[in-house]
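The following exercises concern one chain and its ligand. Each task is followed by a solution worked in steps.

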Amino acid sequence: MQAIEINDVKKYYGSTKAVDGVSFSIGQGEVFGMLGPNGAGKTTTTEIIEGLRLPDSGSVSVLGLDLAGHKKQIKNRIGVQLQTTALYPRLTVREVLDLFSTFFNGEKRTTDQLIELVNLQEKQDTLSKDLSGGQRQRLSVALALINKPEIVFFDEPTTGLDPQARRSMWDTIREIQKSGTTVFLTTHYMEEAQTLCDRVAVVDAGKIIALGTPNSLINQHFQETVIEFNIIGNSPQVGTFAKIKGITKPGVREDGHVTLYSTDITSSLGGLTDMAKSGTFQFDALNVRRATLEDVFLKLTGKHIRE
Ligand SMILES: Nc1ncnc2c1ncn2[C@@H]1O[C@H](COP(=O)(O)OP(=O)(O)OP(=O)(O)O)[C@@H](O)[C@H]1O
Ligand SMILES: [Mg+2]
């Protein structure tokens, strides 16, 4: 049995094709991510699977049950991260968890277990209004886990968090996966998708444009190595870099940041330094790296995920 299976799901708002024929299935215990820019249709897809929005067409099954006929049963077996803003500001972390716990019947995690799972031990007696953004996010994650859900949904769990809080949230999500829970998440952050997700659906304008493990997506679309650097002074024309041996697709940003894709890294680096020596341009902060999901997205759509 798949944890989630959706087939040719569509949801249009007037002329906006928010979800335009999306199909995928997610195995139990998997961390599955939808990665895409603003307006790609991530939230709409997520809320359709959660049973919060009705699709125009297509089928959705969750934990082997057809969503259309089993909304209530499914609801008891999934966890949805709530919006974090209004979490009873005058209650402590412990009190918020105790309160929400009373909303559920059946098997539950204890407040102590939840506090430990999301690593809020030191803040358990702090009023929720006095938590940092990252701590509040973790409290809302804990709320989604009270009923020992078989699947949890996180819609952009780390948007707005600083890098340290983001990493801490990643640890929490890994812990959740270790406990056997299937995780469905959406994100703008390619690094997040790459480190957390077993499989990723890259979405743009309501359609899946690539689907697979992060490594398979990168290998499938990239034989090239990425060279990046900053130009000091005036940028030469993009065409200048196209002349370097091995370079397939040069790009120069307005701020002088250059991205080159090379199929022959030794020759390309040689050609680049030769040009710099001859005075064509000057550069610093040279970085040679493997392609990432961001590069895959750029190649497939011609745009950066964050614009
Ligand atoms: N209730 C609605 N009424 C009208 N249009 C909507 C509605 N919900 C979503 N849309 C439109 O559908 C498209 C997809 O929106 P959605 O919220 O699913 O994107 P998203 O990928 O979650 O974006 P973000 O990264 O900004 O959260 C957008 O163009 C949005 O404006
Ligand atoms: Mg969204």
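Among contacts in the chain between residues at least 6 apart in sequence, 69% join residues at least 24 apart; two residues are in contact if their C-beta atoms, placed from the backbone, lie within 7 Å. The model is predicted: local features need pLDDT of at least 70, side-chain atom pairs count only at pLDDT 80 or more, and totals for chains, interfaces and linings use all residues. Residues are numbered from 1 along each chain as its sequence is written, while chains are lettered from A and ligands numbered from 1 in the order in which they are written.

**Exercise 1. Overall description**

Task: State how many helices and strands the chain has, and what part of its residues is buried.

Solution. Step 1: the chain has 11 helices and 14 strands. These are DSSP runs numbered from the N terminus, with helices (H or I) of at least four residues and strands (E) of at least two. Step 2: the C-alpha trace spans about 75 × 45 × 35 Å along its principal axes. Step 3: of the 307 residues in the chain, 36% are buried. A residue is buried if 20 or more other C-beta atoms lie within 10 Å of its own, exposed if 12 or fewer, and partly exposed in between, with C-beta atoms placed from the backbone.

**Exercise 2. The shell around ligand 1**

Task: Determine which residues surround ligand 1, and which element gives the largest share of the shell.

Solution. Step 1: the surrounding residues are Tyr-13, Thr-16, Ala-18, Gly-36, Asn-38, Gly-39, Ala-40, Gly-41, Lys-42, Thr-43, Thr-44 and His-188; the criterion is a C-beta atom, placed from the backbone, within 6 Å of the molecule. Step 2: strand S2 (16-26) and helix H1 (42-49) are the elements that give two or more residues to this shell. The largest share, 3 residues, comes from H1. Step 3: by class, the shell has 3 nonpolar, 8 polar and 1 charged residues. Here Ala, Val, Leu, Ile, Met, Phe, Trp, Tyr, Cys and Pro count as nonpolar, Asp, Glu, Lys and Arg as charged, and the others, Gly among them, as polar. Step 4: 6 of the 8 residues of H1 are buried, so H1 is largely enclosed by the rest of the structure. The buried ones are Lys-42, Thr-44, Thr-45, Thr-46, Ile-48 and Ile-49. Just after H1, Gly-51 takes a positive phi of about 85 degrees.

**Exercise 3. Two helix pairs**

Task: Classify the packing of H8 with H11 and of H5 with H6.

Solution. Step 1: H8 (residues 214-221) and H11 (residues 293-301) pack at about 45 degrees, with their axes 9 Å apart. Axes are lines fitted to C-alpha atoms, for helices over the stretch in contact, and angles run from 0 to 180 degrees between N-to-C directions. H8 is therefore oblique to H11; angles under 35 degrees count as roughly parallel, over 145 as roughly antiparallel, 65 to 115 as roughly perpendicular and the rest as oblique. Step 2: the crossing of H8 and H11 is left-handed, a label used if the near helix is turned anticlockwise from the far one by less than a right angle, with right-handed used if clockwise. Pro-214, Leu-217, Ile-218 and His-221 of H8 make the contact with Leu-293, Val-296 and Lys-299 of H11. The classes are 5 nonpolar, 1 polar and 1 charged residues.

Step 1: H5 (residues 133-144) and H6 pack at about 15 degrees, with axes 9 Å apart, and are therefore roughly parallel to each other. H5 passes H6 in a right-handed crossing. Gly-133, Gly-134, Gln-137, Arg-138 and Val-141 in H5 meet Ala-165, Ser-168, Met-169 and Thr-172 in H6. By class, this contact has 3 nonpolar, 5 polar and 1 charged residues.
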